[in-house]
There are 2 protein chains.
Amino acid sequence: MTARPRIKDVAELAGVAPSTVSVILNDVPGARVNTATRERVQAAARELGYLPNGLARGLRTRRSGTLALVSDVIASTPYAGQLIQGAQEAAWEAGYLLMLVDTGGDEVLERSAIRALRQQQVAGVLYATMFHRLVEVPDLLAGLPVVLLDARSSREDVPAVVPDEEAGARTAVGTLADHGHRRIGFVLDRNDGPAAAGRLAGYRAELAARGLAWDETLVVRAASTSDGGQEAVGTLLDMPEPPTAVFAFNDEMAVGAYHAAEDRGLRVPEDLSVVGFDDLYVLAREMRPGLTTVALPHRAMGAAAARSLLQLVTDPTAAVPSLQLIACPLVRRGSVAAAPHRR
Amino acid sequence: MTARPRIKDVAELAGVAPSTVSVILNDVPGARVNTATRERVQAAARELGYLPNGLARGLRTRRSGTLALVSDVIASTPYAGQLIQGAQEAAWEAGYLLMLVDTGGDEVLERSAIRALRQQQVAGVLYATMFHRLVEVPDLLAGLPVVLLDARSSREDVPAVVPDEEAGARTAVGTLADHGHRRIGFVLDRNDGPAAAGRLAGYRAELAARGLAWDETLVVRAASTSDGGQEAVGTLLDMPEPPTAVFAFNDEMAVGAYHAAEDRGLRVPEDLSVVGFDDLYVLAREMRPGLTTVALPHRAMGAAAARSLLQLVTDPTAAVPSLQLIACPLVRRGSVAAAPHRR
DNA sequence: CTGAAAGCGCTTACAG
DNA sequence: CTGAAAGCGCTTACAG
């Protein structure tokens, strides 16, 4: 196998200077070149299969053409692929390559990873968490364009891209109200985070918008697992005047709602309508009936964050929104029906 | 903000030449340096927060310190994260950074992505598919160390890392046999691929090893979805002498098995034992009863492939196994019970 | 319109 | 034990 050709080889083959090759291959704006030599150079490059060395170019131009995605735990959710794909595609469209590092939440590893990334001269970094939460932006990232992905920080100066939890919750509750439900329960995670807070706010807001009374006994907290959901929805169902519908903080709690209904001989959706949140891959689709739920827009978030980052990379003073809320669409399946008549 | 320090700055601060700084910071083996100057240089580097420029270093040493993972469709499965994480961690442990590109199965995009990656001087590439299948290794990859991840090619010279489908199927059938089942059905995908072929082979092999008769009517093909599984298991259950246990090609078909049983008033596992394949995130765990299934070792595969690649990168003549079969462990949950007595 | 020169920031023989 | 020089492969002013 022969060594990879360098610009010098192309130049020699075409009978011009390397600098001329560079100007031609890079289509330097405002550079007038003879059509004949241009063609000669292009032919030579093609013949040799010439690919400019990106490291040399990056060194010279001070632009590496790479972005990084650093995340806490890539593998922990089935959405990782979507998030990454969205970011990678947007990067690619702008001619950038994406480097990935997963720190597993380990701060020491995070520090050395960021150092390694800086050494590689990444143009900017996407700092992502695998579920919407609050983070501190590491000091080591200072001076580099950064955007937060599915995460927020207390710092106003670093743009964040997160799901619009509140609006998502409103569409969930809204569809239930559209079906005539007046008593709608909400089961949510015990831990407060941006997701729980946002979804609760949306629940309240939509209730208010619909003129439905706020009833504190209708919201119950539990672990955000199917067992937690089962327990929480169980207490809702055992109330003297139980809700006819339940909005669950996430799809796993929604699974629990199905179980709680089943335990009491109630059918979903005839006796109890259920809406979840997340659109957890396969699960929501495979439930019986299929779970109507609010999807987390991971791919769109990844793409939006990468685009904002790219703007910052191109122009550090660019006015990118400090917070982007990405819409969470409702995925209608079979778990919502008209409210049963009061017995 | 002040410009990033270069090696020259460190050298000046320490009062030595840049080459000395380089030797010290890189701990060049067999280089004797005065302890005092070593300390002076290290202090200077620390004070300045010096990080060597990876592009310059890579240009000079001809080692970029990066690997690439190119895949067809990252986002399509919930395992993507595991696969990527395994590869990334192994790369990181060896001091390499991982670049990721998802081609969405688009060959044109794939070609330009590989070109871009080559320009960036990646040391090697992991060529991955999101489910075990046959691929053709792109010519453009020629001359670069490559290992196939969750994929195989007809070319013997490119190492592949795939799940041990056959052994996985054997443990599935084995656990069923251990529970006293003698008539074990197998429902599988209509399309033949390495996964279907391997799992079928494992089914047959284990039956033989257990001295159980091969009964062709016990294996039925359908779409590899829950509907397909329901249909296929339905025909099994409606046989004159139905199986007491079913091994499903994947977890979605196993879901169908649950449905088929339910449709007939049969309980899992009392009346029908079920074992799936994949350990599909959340689904398998959330079924009732929890689905006993064979897990796909995505993380281990990612790590194994990256390690093989790294060996090749370090020494192109290294003897890495041309095929690595990664074990698929059985995850025991609640869908297997002792075979019911013959009525 | 094209070429020669300098330089991006390192590392690596090679002197001394 | 340390420094000066060359060079990795490009691009970018600057001449001509």
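Trainee: How many salt bridges are counted between chain A and chain B?

Mentor: Two salt bridges are counted between chain A and chain B. Keep in mind that this is a predicted model. To read a salt bridge, look for a side-chain nitrogen of Lys or Arg within 4 Å of a carboxyl oxygen of Asp or Glu. Here is a case: B:Glu252 forms one with A:Arg285. Their closest N and O atoms are 3.0 Å apart, and that is within the 4 Å cut-off.

Trainee: How many residue pairs are in polar contact between chain A and chain B?

Mentor: A polar contact needs N or O atoms within 3.5 Å. Between chain A and chain B there are 20 such residue pairs, with both residues at pLDDT 80 or more.

Trainee: Which elements of chain A supply the side that touches chain B?

Mentor: Several elements of chain A each give at least two residues, including helix H5 (80-93), strand E2 (97-102) and helix H10 (251-263). The largest share, eight residues, comes from H6(A). Now sort that side of chain A by class: 26 residues are nonpolar, 19 polar and 10 charged.

Trainee: How is the size of an interface given?

Mentor: It is often given as the accessible area lost when the parts come together. For chain A and chain B, the buried area is about 5,000 Å². Carbon and sulfur atoms give 61% of that area. The contact takes 55 residues from chain A and 55 residues from chain B.

Trainee: Are E2(A) and E2(B) paired in the parallel or antiparallel sense?

Mentor: To call two strands paired, look for at least two bridges between them. E2(A) and E2(B) have three bridges, and the sense is antiparallel. Find A:Leu98 in the structure. Its bridge partner in E2(B) is B:Leu100.

Trainee: Now the DNA. Which residues come nearest to DNA strand D?

Mentor: To be near a strand, a residue needs a heavy atom within 4 Å of it. Around DNA strand D there are 25 residues, and A:Ser22, A:Arg60, B:Arg32, B:Arg60 and B:Arg62 come nearest. Then check which part of the DNA faces the protein. Sugar and phosphate make up 70% of the atoms of DNA strand D within 4 Å of the protein.

Trainee: Which helix gives the largest share of the surface near DNA strand D?

Mentor: H4(A) does, with four residues. H2 and H4 of both chain A and chain B each supply at least two residues there. By class, that surface has nine nonpolar, 10 polar and six charged residues.

Trainee: Which residues come nearest to DNA strand C?

Mentor: Among 25 residues around DNA strand C, the nearest are A:Arg32, A:Thr37, A:Arg62, B:Ser22 and B:Arg60. A polar side-chain atom of A:Thr37 lies 3.0 Å from a phosphate oxygen of DNA strand C. For B:Tyr50, a side-chain N or O atom is 3.1 Å from a sugar or linking oxygen.

Trainee: Which helix gives the most to the surface near DNA strand C?

Mentor: H4(B) gives the most, with four residues. The classes there are nine nonpolar, 10 polar and six charged residues.

Technical notes:
Residues numbered from 1 in each chain as written. Chains lettered and ligands numbered in written order. Heavy atoms only, no water. Nonpolar A, V, L, I, M, F, W, Y, C, P; charged D, E, K, R; others polar. Contact = heavy atoms within 4.5 Å. Buried area = accessible area lost by both parts, 1.4 Å probe. Polar contact = N/O pair within 3.5 Å; in protein donor to acceptor, adjacent residues only side chain to side chain.
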